[in-house]
Amino acid sequence: MSKWKHKHLMDLQDTTRDDIELILETARSFKEVSSREIKKVPALRGKTVAMLFAEPSTRTRVSFELAAKRLSADTLAIQAAASSLVKGETLLDTALNIEAMNVDLVVVRHGASGAPQILANGTSMSIVNAGDGCRAHPTQALLDIFTIKEKFGSLEGVKVTIVGDILHSRVARSNIAGMIKMGAHVVVCGPSTLLPVGIEEMGVEATTDINKALKGADVVMALRMQKERQQDAFLPSIAEYVREFCITPERLKMANARALVMHPGPTNRGIEIAAEVADGPQSVILEQVTNGIAIRMAVLYLLLGRKT
Amino acid sequence: MALLIKNARIVNAAGEDKETKDILIDGGKIVQIAPQIDREGATVVDAKGKKVLPGFIDLHVHLREPGREDKETIESGSRSAVKGGFTSIFCMPNTTPAIDTAQTVQYILDQARKVGLVNVYPVGAITKNRAGVEITEMMDLKRAGCLGVSDDGRGLMNSGLMRRALEYAKMAGLLVMQHCEDDNLSAKGMMNEGALSTLLGLKGDPFIAETVIIARDIEIARYLGTRVHFMHISSARSVDLIRRARAEGVKVTCEATPHHFTLTEEVVKSFDTSTKVNPPLRTRADVDAIKAGLKDGTIDCIATDHAPHTHEDKEVEYDGAPPGLIGLETAFALALKELVAGGVLTLPQLVDKMSASPARVMGLENKGDIAVGKDADLAIVDLGCEWKVTKEDTVSKSKNSPFMGWALKGRVTTTVCGGKLVYTDARAS
Amino acid sequence: MSTIMDQEQVRRAVTRIAHEILERNKGVEDVCLVGIRTRGAVLADRLRKAIHEIEGVELPTGILDINLYRDDLTIISKQPVIRETLIDFDITDKIVVLVDDVLYTGRTIRAAFDALVDLGRPGCIQLAVLVDRGHRELPIRADFVGKNIPTAKEQVVKVCLSESDNSIDSVTVGQGGAR
C-alpha cells in the first residue's frame with residue numbers, strides 16, 4: 001500500500017486512488033476502535049487539533065471532535081465570523097493566532113470556496129477541509145465511499161445516482177471526484193436550474209429525468225434542498241420539487257432491489273427524501289454517521305502521524 | 001526650458017523611422033524633428049539604442065481619489081502611470097463621492113495639476129452617484145473638463161435610461177463609456193461560468209452578462225445614430241457582435257485589457273484574489289478572440305482597468321475580495337509579450353492601440369503622434385530590457401497584480417509629459 | 001547474512017513453546033493467544049495448531065495491531081499502516097499469551113500491554129517470542145523463547161515465515177544499520 005504524502009486534505013480532486021484506498025483501509029481499523037469498551041487509543045497524544053468553523057455545522061464538528069478525542073488529541077473549537085469583512089479580523093489572522101498557540105492541525109469549515117487554501121498558504125499547520133463553499137467536502141465523500149465499499153466490496157462499476165441541488169453542493173462535487181476515481185458510474189439528477197454548467201466535464205452523466213437516473217442505480221443519494229432556492233428563482237416552489245424529485249418508496253423501486261439509500265444529513269424529510277425511505281431497510285444514513293468518525297480518525301492520524 | 005531627445009528612433013502608429021533623429025521640445029510642444037539638432041541650454045536625453053513612442057493613453061484607470069486614498073491617490077497613480085509610459089489617463093468616477101459634479105471634476109484636475117506628472121482626464125458619471133436612476137448634469141461636466149461619462153463598476157441596466165444618456169451625452173459632446181454587465185445575469189459571479197467554476201465551486205459569471213448589454217447598446221446606438229464605447233470587453237461573442245456592428249456602420253468603439261489578452265480562467269485555480277476581476281478572466285478561446293479583434297481592428301484600444309486594492313481588502317476569501325488588479329506598470333511589457341512577440345501586432349500597431357487610437361476615440365487631436373506641433377508626450381522604451389515584476393519595483397500604492405514574479409521584457413526608461421521629464425527609470429541612470 | 005534457524009528449527013521451536021505453555025499453565029483452561037501483527041500473528045496461529053495437535057483443544061486466538069500505541073509514532077520515518085485488531089473474545093481474567101517474532105528493545109511489548117489493557121483486564125499476560133536478541137531498553141523479559149541470539153546493536157535480525165513473507169521459514173542475522 002502506498003504511503004501518505006500530503007500535508008493537507010483539501011479536496012479529492014488532488015488525491016489519487018491509492019491515497020483514497022489508504023484512508024479507507026486505515027479507517028477500517030479505526031472503526032474497530034470505536035466499537036470497543038474503551039474507545040480511545042493514544043496515537044495522537046500531545047497533538048492539538050483546532051476546529052475553525054465559520055459556518056454552523058454541529059454534525060461535522062462533533063464527528064471531527066470525537067475522532068480527534070478517540071485518538072487522544074486535544075481539541076478546541078473556535079467560532080469564526082462568517083465573513084472577514086464583518087468582523088475586521090481576517091480568516092488568516094484568526095489562523096495565525098491559532099498557530100501561535102502551537103496547534104498542529106486545523107479543521108476548517110467556511111462558506112467561501114477556497115478559504116482553506118488561504119490557511120494552507122499562510123500558515124505551517126496541517127489543514128483539513130471540512131467543507132468550503134460549494135467546492136469540496138472531502139471527508140463526507142470519503143465516508144460515503146467507505147460506506148458503499150463496506151456494502152459492495154468495491155465501487156468498480158457501481159451506479160451512484162445523486163439527486164437534488166447539485167449546483168450548490170460541495171458534497172456532490174467531492175463525491176463525484178472521489179467515486180469516479182474509485183471506478184463508479186456517477187449520475188447527477190435535479191432540476192435543470194440546479195445542474196451546474198459543465199458538470200459533465202467532471203465525468204458524470206447529468207439528467208433531469210429522475211426515472212432514467214434511478215433506473216438500475218446501486219446507490220441513491222439525496223441532497224439537502226434548501227428553502228432559499230425558491231426565493232432565488234431556481235425553483236418555482238418546494239412543492240413542485242417534491243413532486244418531481246423527492247425520493248419516495250415508489251421511485252426507489254426503480255433502483256436495484258438492494259440499492260443503498262444515502263444522505264449527507266441533515267435530512268429534510270418529505271422534501272428531498274420520504275421518511276419511509278430515510279428510515280427504510282435500504283437506508284444506510286446512520287451508518288454513514290458512524291463511518292464518518294472512522295474516516296475522520298484515519299485522516300487525522302495520517303496527516304498528524306506523518307514525519308515532518 | 002527646452003528638452004532635446006538625441007538619437008531618437010521614432011515609432012509612430014504610421015510606422016517606424018528607418019534612421020534616428022533628434023527631437024526638440026519647447027513650450028510643451030514638439031518644435032523640430034531633424035537628423036541633427038543642437039540647442040544651447042537644452043536638457044539632453046540620449047535615446048540611443050531605444051525607441052521613442054508617443055506617450056501611452058489609458059482610457060480606463062481607477063485613481064481611487066477622492067475616497068479611498070489608502071488604495072491609490074492621484075499622486076501615486078500618476079507615478080505608476082508614468083513608470084508605465086502613460087502620459088494621459090482617464091480616471092473612472094467610482095470614487096467617494098462619485099465624479100458626478102463639476103466640483104469633483106475640478107478637484108481632481110486641481111490635484112492632478114499639483115502633482116504635475118501626467119494628464120488626468122476625469123470621466124464623469126452617467127447617473128447621479130452612479131445609482132442608475134437620474135442622469136448627471138453632463139453639460140456642466142463637459143464644461144468642467146470631462147470628455148466621457150461612465151458608471152464603471154456597474155452597467156447601466158435600464159435600457160430607457162441608456163437611450164436618454166446616449167442622446168443627452170451626444171448633445172454635451174461626451175462619449176458614453178459602458179461597463180457591459182447585466183447584473184441579473186452576472187448574479188454576483190466570482191469567475192467565468194463554465195466547467196472550471198463548477199469544479200471550483202465558485203459562482204459563475206457567464207459571458208452573456210456582457211454580451212446582452214453590448215447587443216442592446218448596439219441596437220440603441222444604431223437607432224439613435226450616436227457613438228458608444230464598450231469598456232474592457234472580455235469574450236469572443238462580444239468581439240463578434242462589435243465586429244458585425246462596425247461592418248454595418250454603427251459607431252461603436254471598444255477597449256480590451258492586458259489581463260484579458262494574457263490570462264485565462266485557469267489562474268483562478270490558485271484562489272489568488274489578484275485573479276479576481278470584473279469582467280472575469282475567461283477561456284483560451286476568448287483570449288484568442290480578443291487578440292484577433294485587436295489584430296483586425298475590431299478592438300480599438302488597449303486600456304488597463306488599473307484597479308488598486310489594499311492588501312487587507314484582497315487578503316480575504318475569494319468570495320469576499322473586491323474585483324480588480326493593477327495594470328499601469330505592466331501593460332506595455334505584457335502587450336509586447338502577448339501581441340508583438342506573439343505575432344498579433346507590429347510595434348507601430350501596438351503604438352496605435354496604446355496611443356494614437358485612444359487619442360482618436362477621445363478626440364485628443366494633439367496627442368498620440370510624434371510630429372512637429374503635437375504635444376510633447378513621449379515614452380522612451382528599451383525593448384531588450386529584462387525585468388521581473390516585484391512588489392518592491394511597483395510604485396502603485398497597491399500591489400494586487402496576478403503578474404507578480406513574472407519575468408518580462410521591455411521597459412519604459414524615460415517618460416516625457418507636456419515637454420517635461422516626468423520619469424526616468426532608476427535602473428537606467 | 002548467516003542463518004541462525006532454518007525451517008526445521010523454527011518448527012521445533014514452535015512445538016517446544018506449545019509444550020511449555022501447556023506445562024506452565026497446567027493445561028489450556030483460560031489460556032488464549034494474541035499475536036502481534038504481522039509475524040507474531042502468524043506464530044500465534046501456528047501455536048494454536050500445535051496446541052490443538054497436542055491437546056485436541058482450539059485456543060481462542062486473536063491479532064493485535066499495536067501501531068496506535070507506539071511511543072515513536074511521529075518520529076519513525078515510515079508511518080505504519082494501521083490494520084485492524086481482531087480479538088473476538090473477552091480477555092478479561094484470561095491468561096493471555098502474547099506472541100511476537102523478535103524481542104529486542106521491549107518497546108513493542110510495552111505498546112502491546114497498553115493495547116491489551118484497553119481491550120480488557122487479563123488475569124495475567126505471558127510473553128512468547130521466537131527470538132530474543134537482547135538489548136532491552138525496558139524491564140521486560142519473555143516467558144517462552146524459541147532461541148536466544150546474542151547480537152550487536154547494529155546487526156539486523158530477519159525473520160521469514162511462509163505465511164507472511166512468501167518464502168520458507170528462516171531466521172538470519174546480517175550487518176546493517178540499526179533496526
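In the predicted model, Cys417(B) has Lys420(B), in strand 19 of chain B, as its bridge partner. This bridge belongs to the antiparallel pairing of strand 18 of chain B with strand 19 (residues 420-424) of chain B, which extends over 4 bridges. The two strands form a hairpin with 2 residues between them, and Gly418(B) adopts a positive phi near 60° there.

Strand 18 of chain B also pairs with strand 17 (residues 378-388) of chain B, again in the antiparallel sense, over 8 bridges. Within this pairing, Trp387(B) has Leu408(B) of strand 18 as its bridge partner. Of the 11 residues of strand 18 (residues 407-417) of chain B, 8 are buried, so the strand is largely enclosed by the rest of the structure.

At the level of chains, 2 pairs touch, and the pair with the most contacts is that of chains A and B. Chains B and C do not touch, their nearest C-alpha atoms being 30 Å apart.

Chain A is divided into domain 1 (17-137 + 289-304) and domain 2 (139-285), with 25 Å between the C-alpha centres of the two domains. Their contact involves 20 residues from domain 1 of chain A and 20 residues from domain 2 of chain A. On the domain 1 side, the elements giving two or more residues are helix 1 (17-34), strand 4 (126-132) and helix 13 (285-304) of chain A. Helix 13 of chain A gives the most to this side, with 6 residues. By residue class, the domain 1 side of the contact comprises 10 nonpolar, 5 polar and 5 charged residues.

Conventions: Residues numbered from 1 in each chain as written. Chains lettered and ligands numbered in written order. Predicted model: local features only at pLDDT ≥ 70, side-chain atom pairs only at ≥ 80, totals over all residues. Buried ≥ 20, exposed ≤ 12 C-beta atoms within 10 Å, placed from the backbone. Pairing = 2+ DSSP bridges. Contact = placed C-beta atoms within 7 Å. Domains from an automatic or database assignment. Nonpolar A, V, L, I, M, F, W, Y, C, P; charged D, E, K, R; others polar.
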